[in-house]
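Please read it with the coordinates open.

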Amino acid sequence: MKELISFIRFPVIGDERGNLVALEGNKQIPFDIKRVYYMFGMQPDLPRGFHAHKDLIQVAVCLQGSCDILMDNGSDKQVVTLNSPDKGLVIDIMQWHEMNNFSADCVLMVLASDVYNESDYIRDYSSFLSEARK
Ligand code: TYD
């Protein structure tokens with residue numbers, strides 16, 4: 001089974017003007033990036049996510065502020081805090097994830113291996129568990 005928690009640390013190109021992170025598909029990000037989306041203006045008491053994907057791989061990067069992500073592979077669960085724009089959390093296939101505890105300034109960017117496809121989602125937790133345990 002794949003690791004439940006896998007972070008990618010991004011190289012930071014910094015000088016007196018500030019910092020720059022460059023992300024390329026099949027380089028820092030381990031797939032072809034087909035889609036980028038980001039969330040902002042979240043409420044700390046209104047969690048998001050609550051799904052897994054059958055085929056999609058994603059990398060979540062908290063560009064500003066912080067949030068918690070619960071990762072669940074059907075056997076183990078772990079909550080990790082994302083609070084740094086120089087690291088990405090890999091959300092692999094069949095990893096149930098729930099995001100919550102957003103700071104007011106949180107900006108959460110996600111790089112995805114494919115375009116949006118609702119049929120790739122598993123949004124029912126008991127269906128996820130039965131798929132994950134196969
Ligand atoms: P939703 O899956 O509820 O977000 P989260 O995973 O954060 O809980 O998505 C919210 C809405 O945005 C929903 O109507 C689907 C739409 N959406 C897109 O159109 N394209 C996308 O790439 C994503 C991620 C969502």
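Predicted model: local features only at pLDDT ≥ 70, side-chain atom pairs only at ≥ 80, totals over all residues.

The numbered points below go through the cores, the aromatic pairs, the backbone, the salt bridges and the surface.

1. Local features are taken up where pLDDT is at least 70, and side-chain atom pairs count only at pLDDT 80 or more.

2. Main core. The largest nonpolar core has 18 residues. Inside it, I69, L82 and L108 have the most contacts. Two or more residues come from each of strand 6 (58–64), strand 7 (67–72), strand 8 (77–82), strand 9 (87–91) and strand 11 (107–112). Strand 7 gives the most, with 3 residues.

3. Around L82. What does L82 touch, leaving aside its neighbours within four places in sequence? The contacts are F7, A60, C62, G65, S66, C67, I69, L89 and L108. Two of these, I69 and L108, are named with L82 as having the most contacts inside the core.

4. Second core. A separate core of 9 residues is also present. Its members include F10, I29, V59 and V90.

5. Aromatic pair W96–F128. The structure holds 5 aromatic pairs. One of them joins W96 and F128, with 5.5 Å centre to centre and 40° between the planes. That geometry is tilted. W96 sits in strand 10 (residues 96–100) and F128 in helix 1 (residues 125–132), so the pair links distant parts of the chain, 32 residues apart. Both residues are buried.

6. Aromatic pair Y116–Y121. Stacked, tilted or edge-to-face? The ring centres of Y116 and Y121 are 5.8 Å apart and the planes stand at 65°. The pair is edge-to-face because the angle is over 60 degrees. Y121 is buried, at 14% relative accessible area.

7. Positive phi. Two non-glycine residues deserve a look. M94 has a positive phi of about 55°. M94 lies in the loop between strand 9 and strand 10. Its relative accessibility is 19%, so M94 counts as buried, the cut-off being under 20%. N101 also has a positive phi of about 55°. This residue is in the loop between strand 10 and strand 11. N101 is partly exposed, at 44%.

8. Salt bridge R9–D86. The count comes to 5 salt bridges. In one of them, the side chains of R9 and D86 meet at 3.1 Å, N to O. R9 belongs to strand 1 (residues 7–9), and D86 to the loop between strand 8 and strand 9, so the bridge ties together parts 77 residues apart in sequence. D86 counts as buried, at 19%.

9. Other salt bridges. K27 pairs with E24, the closest N and O atoms being 3.8 Å apart. K27 is exposed, at 57%, and E24 is partly exposed, at 41%. E118 and R123 meet at 2.8 Å, N to O. Both ends are partly exposed: E118 has a relative accessible area of 35%, and R123 has 44%.

10. Surface patch. V36, Y38 and F40 form a nonpolar patch on the surface. Together they have about 360 Å² of accessible area. Y38 lies in strand 4 (residues 35–40). With a relative accessible area of 54%, Y38 is exposed.

Note on methods: Residues numbered from 1 in each chain as written. Heavy atoms only, no water. Patch = residues over 30% accessible without salt bridge, like charges linked within 9 Å, V, L, I, M, F, W, Y side chains within 5 Å. Areas by Shrake-Rupley, 256 points an atom, 1.4 Å probe, with all protein chains shown as cover. Salt bridge = Lys/Arg side-chain N within 4 Å of Asp/Glu carboxyl O. Helix = DSSP H or I, 4+ residues; strand = E, 2+ residues; numbered from the N terminus. Buried < 20%, exposed > 50% of the residue type's maximum accessible area, 1.4 Å probe, protein only. Core = buried A, V, L, I, M, F, W, Y, C linked by side-chain atoms within 4.5 Å. Contact = heavy atoms within 4.5 Å. Phe/Tyr/Trp six-rings, centres within 6.5 Å; stacked < 30°, edge-to-face > 60°.
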